[in-house]
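Student: Could we go through this structure together? I would like to begin with a helix and then turn to a strand.

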Amino acid sequence: MIDTGDNEVPWRLLEADCGEVLDDLPAGTVDLVYADPPFATNQVQKGRSEGLAYDDRWPDLDSYLGFMAGRLEQLHRVLAPDGAILLHVDWRTSHHLRLLLDEIFGAGRFVNHLIWQYGLGGSSPSRFARKHDDILYYARGDERWFEPPLVPATSRRMAGMMKKATDVIAIPAINNMATERTGWPTQKPVALLEFLVGACAKPGGTVLDPFCGSGTTLVAAVRLGRRAIGIDRHPEAIRIAEQRLKELGDPIAAADRRAEG
Ligand SMILES: C[S@@+](CC[C@H](N)C(=O)[O-])C[C@H]1O[C@@H](n2cnc3c(N)ncnc32)[C@H](O)[C@@H]1O
């Protein structure tokens, strides 16, 4: 395990299988888990160049669900009593994982089934195009911090005004030319993570991403003044995440300097 964090920065990266290190984190200390695990695509997910890839092949659905069940139980343990989890998956497994979350968190802890509508990818002549992911939102306990995000209103009556966001989040996927693209496969846009972290993790709180990939969640969390812990078993993912976080500098010191100047 490599711990690239220190006391100077509000983030910590662990290069490991999250299943092997989550039990080392203290119970009840994380305010928000955002987990974007392999989706059970049964493919090697390839990025921009050789070496930027992770294996998402499974012998069968049961082995995938067993992998997820153990890690979701570990994640439940580290959440604070008023914490919550956002599990980002898609049509392949969201129905199975919702039942697993009902078992582990309790059906009464279900908060939302969010749809991330990203609008990229091909269409199909034989069915509706699959252009959204599923984000399952569950609370750890009775209390939960939430700050409803505001989005531009679309009705003519409210033209130019803002309204509270609904379950459908329309944020474009990262396109091939985007400057934020790192080359890591299945990288999510920072705008999506800022939307989720800003709504579901209290300022100054701790956000944990056990499948952090290129570190998008940590970048969003640190930019919004939260602390962040990221775990990924792939050394290249950790290297990219570390580089992105270092490029942010120290946002808290930068904000202080702006206030003084
Ligand atoms: C869907 S990608 C995450 C992408 C990330 N959200 C981003 O924006 O770059 C899933 C990640 O899980 C990692 N992974 C797969 N199995 C893992 C495990 N057992 N422990 C930790 N990380 C794992 C992969 O290396 C991959 O980076």
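Tutor: First a definition: the expected span of a helix is 1.5 Å times one less than its number of residues. Helices (H or I, at least four residues) and strands (E, at least two) are DSSP runs, numbered from the N terminus. This is a predicted model, in which local features need pLDDT of at least 70, side-chain atom pairs count only at pLDDT 80 or more, and totals for chains, interfaces and linings use all residues. Residues are numbered from 1 along each chain as its sequence is written.

Student: What span should helix α3 have?

Tutor: The 12 residues of α3 (residues 94-105) should span 16 Å, which agrees with its end C-alpha atoms being 16 Å apart.

Student: Which residues of α3 are buried?

Tutor: L97, L101 and F105 are buried; that term requires 20 or more other C-beta atoms within 10 Å of the residue's own, whereas exposed means 12 or fewer and partly exposed lies in between, with C-beta atoms placed from the backbone.

Student: Now strand β3: why is it described as largely enclosed?

Tutor: Because 6 of the 6 residues of β3 (residues 30-35) are buried.

Student: Which strand pairs with β3 over 5 bridges?

Tutor: Strand β6 (residues 79-89), in the parallel sense; pairing requires that DSSP find at least two bridges between the strands. A35 stands opposite L87 in β6.
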